[in-house]
Amino acid sequence: MQDNLPELRDIHLPDGVSAFPIANGWWLLLAGIVLLFLSVQFVLYLRRYSKARYALKLLQEISAENVVLAAKEMSEILRRICVFKYKEAAAMLGTDWIAFLNQKSKTPLNETSAELLINAPYIPQESRTYTVQDLENLRLFCQKWIGENL
């Protein structure tokens, strides 16, 4: 009988299984999660942007033919935004309302436009107390305020 032992070799175990490179399925799952996150962020961005765009569209549709009526409608738009975003300001009146608007804006409302905004609900619609320029100043303030707060 021949000696077969010299031909035997030690048993070598294979290397351990590495976590990298990651299998294709994990890459797809990661890509899906990132895509889901980005689409949620995009939808949230569109919702915020569309509210501001809608408010600005309403503001542009207000006719300047009747200054008092237009000021009432602008005040209504600002109050609707406050009901949505600043609950505590929705019931403010008079100088408190103007102070709140100025506090939330970088540029304050001038005195004549502020008086127009305060007095508009109480002035007869035929009144010629305020000019179209006062209304346009109020419109510019409203545009800036909407852009800063929505």
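**Exercise 1.** Classify Glu136 by its relative accessibility, and then describe its salt bridge with Arg139.

*Solution.* Glu136, at 28% relative accessibility, counts as partly exposed, where buried means under 20% relative accessible area, exposed over 50%, and partly exposed in between (1.4 Å probe, protein chains only). Arg139, at 7%, counts as buried. The side chains of these two residues, Glu136 and Arg139, meet in a salt bridge at 3.4 Å, N to O, a term that requires a side-chain nitrogen of Lys or Arg within 4 Å of a carboxyl oxygen of Asp or Glu. Glu136 and Arg139 are 3 residues apart in helix H5, and are therefore separated by about one helical turn; helices here are DSSP runs (H or I, at least four residues), numbered from the N terminus.

This is a predicted model, in which local features need pLDDT of at least 70 and side-chain atom pairs count only at pLDDT 80 or more, while totals for chains, interfaces and linings use all residues. Residues are numbered from 1 along each chain as its sequence is written, and side-chain values use heavy atoms, with hydrogens and water left out.

**Exercise 2.** Describe the salt bridge of Lys57 with Glu61 and the exposure of Lys57.

*Solution.* In the salt bridge between Lys57 and Glu61, the closest N and O atoms are 3.7 Å apart. Both residues, Lys57 and Glu61, lie in helix H1, 4 residues apart, about one turn of the helix. Lys57 has a relative accessible area of 47%, and is therefore partly exposed.

Definitions and conventions
Helices (H or I, at least four residues) and strands (E, at least two) are DSSP runs, numbered from the N terminus.
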